[in-house]
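My entries follow in the order in which I made them.

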Amino acid sequence: MLLRDIKRELSITGKATDDQLQSLIAGCSAAFARLCARDATNGFGAIEVVQTEYLNRDRERLWLEHWPVSAIASVVENGETLGVDAYEMESQRKLFRRTADGLGRTLWPAGKIVVTYSGGYDLPADCPPDLRDAALKTIKAAWFALKRDPAVKQESVPGVLDQAFWVGGMGGLNGLPEDVAATLANYRNISFG
């Protein structure tokens, strides 16, 4: 998320609020990364990853955590480096083991599997639009929350104004609005055991 995008969305000009907005952007990015079980430092950004899996039983697929995966550098299965024909990627995050003849799939064996790969989005250019919109909504809500007393439950001026604010979480995933929580659900890394 770029500062200029937030400023445009909030109709802010000048630099007086830049530090405050940068802090909100950083906080939103960290919260999204934490909720989606992403790398804390890079969140959804493109990075080189070394993912180690210790399988206690045979498994049909490996879920690569920092997706979308753009390239696989190596796969090491129980100490043996596999050739590129020994595995295949599906949906830019699921890694399957190929049979020895290359004609089908087989199970990943129990043991240690180390996958080195490039994954994530080239931010901000390749940020998915729904993720970008969720971030904008979250940062806007945080910005407007700075301008009011968070403890106010209700305000009434008969015939003029009647307001009530949320106190605590807003009902979605970890207190996020429902629409933002629904968007983030599509990007969460879930452990399948």
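The entries below run from the whole chain down to single residues.

**Entry 1. Ground rules**

I am working with a predicted model, in which local features need pLDDT of at least 70 and side-chain atom pairs count only at pLDDT 80 or more, while totals for chains, interfaces and linings use all residues. I number residues from 1 along each chain as its sequence is written, and the side-chain values use heavy atoms, with hydrogens and water left out.

**Entry 2. Whole chain**

I looked up the secondary structure and found 4 helices and 10 strands in the protein chain. Helices (H or I, at least four residues) and strands (E, at least two) are DSSP runs, numbered from the N terminus. Along the sequence I read the pattern α-α-β-β-β-β-β-β-β-β-α-β-β-α.

I then looked up burial, taking buried as under 20% relative accessible area, exposed as over 50% and partly exposed as in between (1.4 Å probe, protein chains only). By that scale, 37% of the 193 residues of the protein chain count as buried. The accessible surface of the chain is about 11300 Å², and carbon and sulfur atoms hold 52% of it. These areas come from the Shrake-Rupley method with a 1.4 Å probe; for residues, only the protein chains shown count as cover.

For contacts I required heavy atoms within 4.5 Å. Among the contacts in the protein chain with a separation of 6 or more, 65% join residues 24 or more positions apart.

**Entry 3. Helix H2**

I noted that helix H2 covers residues 18-35, which is 18 residues. From its first C-alpha to its last it reaches 26 Å, close to the 26 Å expected at 1.5 Å a residue; the expected span is 1.5 Å times one less than the number of residues.

Which residues of H2 are buried? I listed Asp18, Leu21, Leu24, Ile25, Cys28, Ala31, Phe32, Ala33 and Leu35. An α-helix has 3.6 residues a turn, so residues three or four places apart point the same way. The buried residues of H2 pack against helix H1 (3-10), helix H3 (129-146) and helix H4 (178-185). Just after H2, I found Ala37 with a positive phi of about 55°.

**Entry 4. Nonpolar cores**

I defined a nonpolar core as a set of buried Ala, Val, Leu, Ile, Met, Phe, Trp, Tyr and Cys residues joined through side-chain atoms within 4.5 Å. The largest has 24 residues, and those with the most contacts inside it are Ile6, Leu21, Phe32, Phe44, Leu184 and Tyr187. H1, H2, H3 and H4 are the elements that give two or more residues to this core. Another core, of 15 residues, lies apart from it and includes Ile47, Leu82, Ala86 and Leu95.

**Entry 5. Cysteines**

How many disulfides does the model hold? I counted 0, a disulfide being a pair of cysteine sulfur atoms within 2.5 Å. The closest cysteine sulfur to that of Cys127 is in Cys28, 10.0 Å away, which is too far for a bond. Cys127 is partly exposed at 21% relative accessibility, whereas Cys36 is buried at 0%.

**Entry 6. The open sheet**

I traced an open sheet of 4 strands in the order E1-E8-E3-E4, with antiparallel pairing. Strand E1 (47-55) and strand E4 (80-81) stand at the edges with a single partner strand each, so one side of each has no neighbour in the sheet. I took two strands as paired if DSSP finds at least two bridges between them.

E1 and E8 pair over 9 bridges, and Ile47 has Gly119 in E8 as its bridge partner. Strand E3 (residues 69-77) is joined to strand E8 (residues 111-119) by 7 bridges. Val76 stands opposite Val114 in E8, and Glu77 has Ile113 in E8 as its bridge partner.

**Entry 7. Two single residues**

Neighbours within four places aside, Leu55 is in contact with Leu62, Trp108, Pro109, Ala110, Gly111 and Ile113. Leu55 and Lys112 are 57 residues apart in sequence, yet 6.3 Å apart C-alpha to C-alpha.

Glu65 lies in the loop between strand E2 (61-63) and E3 and is partly exposed, at 43%. Its contacts, neighbours within four places again aside, are Arg38, Gln51, Glu53, Tyr117 and Asn189.
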